Amino acid sequence: MKFDVLVLGAGIVGVCAAAHLQMRGKSVALIDRKPPGTETSFGNGGLIQREGVYPYAFPRDLGALIRYAGNRAPDVRYHAASLVRSMPFLYRYWRHSHPARHAAIAARYAALIEHCLAEHHSLADAAGARELIRPTGWIKVFRRAAARDAEIRVAERWRGEFDVGFEALDAQALRRLEPALSPSLAGGLRYTDAQSVSDPHALVAAYARHFESLGGRILTGDAATLEGEWQVRTDQGAVRAPRAVVALGPWADVVTRRLGYRLPLAVKRGYHMHYAADGDARLGHPVLDADNGFLLAPMARGIRLTTGAEFAGRDAPPSPRQLAAVEPFARGLFPLGPRVDAAPWMGCRPCTPDMMPVIGPAPRHPGLWFAFGHAHHGFTLGPVTGRLIADMIEGARPFVDPTPFRAERLL
């Protein structure tokens, strides 16, 4: 079978790239081993983070480094063997997290973030899935007033630099918004422009159905069989196209390394579990515990508890000790009932050392395109990346300058 474009990877980035290309009249095959949205895109916090202009940096203050070194912190865990292998990546990550470099990265990254709501809304409207997106914002909560006030100062700076909307909440205001949260909290910060999704997998699946309704094809296949120029084996035979998009998230290196690209990619693993709410308790916003690094988010399936970051090999067996460590804190924050899921879910966030995604043409292979490495913001930036890739493949003027996100910066 012949197509105009093969899109490899049916997470939110690949689905959105396929949809945007199909909307422009291209014939597109979306290829993955699993159905759309059932890997990394399945298990996030469901946030569209309009405030996320500063990507998550590596800690640089000595106190935080000492705390994490003991491998007992609830928000960050690591596997010792993986940490040793990852030292070159972590050193580059640490260097890019210097405040001056981080600020320069944010200035470039904001060009993507500022479009995240408009692009999600446009695609959700076309897919008939707008009801899944809720204009709630999300709340970061604090147990100490000093920590809350420091975060407010950061938010004030972001508002001046990038027009980030927020609402400072003292203890009483937080209690009015979320009466079921622990009364011991000193207050919170609500990022008002961000939006949340009641079922992230359902939203990705809706985008995929929209792609199919436009004539796109979803095929089961193995991206590792990619051959120039460009062919992939699927359960319906070989498919070919003059252009291919690698949107494989944490598995991107399976293809890129075989083609000779030594891109510095790593993963941050994360876990989630759903819970019933205890009694008549209700949670109206996603809530991040600033002290312990976990998120509680109201979802269609229940209250989703998502963990922070686990530095481990992508394919290492799950080790949900981090989930077990934060669950008591979560139960103290909000009255959680019994677990809903039979086992914790685990996924991998694909990361680059400069915290920005790789979006653009492959440097040495005409017709090959990269769209991966979105770390914590893949769900936020999927539609933005999809449109940007479609602009470039079509030869149109990109609606965002893609230069800062090209692969060459990392080679």
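Let's start with Gln22, which sits in helix H1. Helices here are DSSP runs of H or I, at least four residues, numbered from the N terminus. This is a predicted model, where local features need pLDDT of at least 70, side-chain atom pairs count only at pLDDT 80 or more, and totals for chains, interfaces and linings use all residues. Numbering runs from 1 along each chain as its sequence is written, and side-chain values use heavy atoms, leaving out hydrogens and water.

Is Gln22 buried or exposed? Its relative accessibility is 10%, so Gln22 counts as buried; the cut-off is under 20% relative accessible area, with a 1.4 Å probe and protein chains only. What does Gln22 touch? Leaving aside residues up to four places away in sequence, Gln22 contacts Ser27, Val28, Phe211, Leu214, Gly215 and Gly216. Contact means heavy atoms within 4.5 Å.

Now the helix pair. H1 covers residues 12-23, H9 residues 200-213. Their axes come within 9 Å and cross at roughly 25 degrees. Axes are lines fitted to C-alpha atoms over the stretch in contact, with angles from 0 to 180 degrees between N-to-C directions. H1 and H9 are therefore roughly parallel, the term for angles under 35 degrees.

Which residues meet? From H1: Ile12, Val15, Cys16, Ala18, Ala19, Gln22 and Met23. From H9: Val204, Tyr207, Ala208, His210 and Phe211. By class, that contact has 10 nonpolar, two polar and no charged residues. Nonpolar means Ala, Val, Leu, Ile, Met, Phe, Trp, Tyr, Cys and Pro; charged means Asp, Glu, Lys and Arg; the others, Gly among them, are polar.

Notes:
Helix = DSSP H or I, 4+ residues; strand = E, 2+ residues; numbered from the N terminus. Parallel < 35°, antiparallel > 145°, perpendicular 65-115°, else oblique. Buried < 20%, exposed > 50% of the residue type's maximum accessible area, 1.4 Å probe, protein only.
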